[in-house]
Amino acid sequence: MVRRAAGGPGVKGARRPQVRLPVLEPYEGGGLEPDGDYDGLDFRERDLTGQDGSGARFMDCAVTDCALDGTRLRHARILDSVLGGVRGVGTDLAEATLRDVELTDTRLGGPQLHGAVLERVLIRGGKIDYLNLRTARLRDVVFEGCVLVEPDFGGARLERVEFVDCALKGADLHAATLVDVDLRGAASVEISRGLDRLAGAVISPAQLLDLAPALAAQWGIRVEG
């Protein structure tokens, strides 16, 4: 079940996930397995460091306060699930699919989601450093109350994506495609590359003033008092 965000004039709001988990069973397994099938399980305070769940499917699962350092989840499918308080460096979710997923209070460094597909995903709170979303496809994704340090959206497609009360620091939009992307609610917006790709995004007047020096520099405009 989804809820559409308010959006604004001329902007289609993102549809947020509303995940309703069934009664979950505690995960008692020893470790993740490639191409594993995990349904209705509660992963709580598990150390999944360095484990390989490539190609696995997680359906109606909760992952809470787990360590994901170097965890391999390439090509994994995470569906109708909630991840809360997960932490880790170098988590590999390349070419994974996240659909109807809520991530809250995450602390991740260098997570790899290049080529991934995110649909109806809410990322709320926490901090993510060097998020790699190159060539990923994001549709109905909301970043809310989080800090994104140097996220890489190079070559990605963002459609109905909202940034709400979050700090966007040094974002790379090189070769990205933006459709109905709403940046007006972001606490701060810093674009390191790809200012020309902001067509398809909506920003506030204050954000335009903040971006004016970078836009002038890109267009070769000299501003003198």
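**Aromatic pairs and parallel strands**

Trainee: Let's start with Phe-163: buried or exposed?

Mentor: Phe-163 is buried, at a relative accessible area of 2%. Buried stands for under 20% relative accessible area, exposed for over 50%, and partly exposed for anything in between (1.4 Å probe, protein chains only).

Trainee: And what sort of model are we looking at?

Mentor: It is a predicted model, in which local features need pLDDT of at least 70 and side-chain atom pairs count only at pLDDT 80 or more, while totals for chains, interfaces and linings use all residues. Residues are numbered from 1 along each chain as its sequence is written, and side-chain values use heavy atoms, with hydrogens and water left out.

Trainee: How many aromatic pairs are there?

Mentor: The structure has seven. Rings of Phe, Tyr and Trp (its six-membered ring) pair if their centres lie within 6.5 Å; planes under 30 degrees apart are stacked, over 60 edge-to-face, and the rest tilted. One of the pairs is Tyr-38 with Phe-58, which is stacked, with 5.0 Å centre to centre and 20° between the planes.

Trainee: Which parts does that pair tie together?

Mentor: Tyr-38 sits in strand E4 (residues 37–39) and Phe-58 in strand E6 (residues 57–59), so the pair links parts 20 residues apart in sequence. Strands here are DSSP runs (E, at least two residues), numbered from the N terminus. Tyr-38 is buried, with a relative accessible area of 7%, and Phe-58 is buried with 7%.

Trainee: Back to Phe-163, then. Which residue does Phe-163 pair with?

Mentor: Its partner is Phe-153, and the pair is edge-to-face: 6.5 Å centre to centre, 90° between the planes. Phe-153 lies in the loop between strand E13 (147–149) and strand E14 (157–164), and Phe-163 in E14, so this pair ties together parts ten residues apart in sequence. Phe-153 is buried, with a relative accessible area of 1%.

Trainee: Which residues make up the aromatic cluster with Tyr-27?

Mentor: Tyr-27 forms one aromatic cluster with Tyr-38, Phe-43 and Phe-58.

Trainee: Switching to strands: what does E6 pair with?

Mentor: E6 pairs with strand E8 (residues 77–84) in the parallel sense over three bridges. Two strands pair if DSSP finds at least two bridges between them. Here Arg-57 has Arg-77 in E8 as its bridge partner.

Trainee: Which other strands does E8 join?

Mentor: Strand E7 (residues 62–64) runs parallel to E8, joined by three bridges, and Ala-62 has Val-82 in E8 as its bridge partner. E8 also pairs with strand E10 (residues 97–109), in the parallel sense over seven bridges. There, the bridge partner of Leu-79 is Arg-99 in E10.

Technical notes:
Helices (H or I, at least four residues) and strands (E, at least two) are DSSP runs, numbered from the N terminus.
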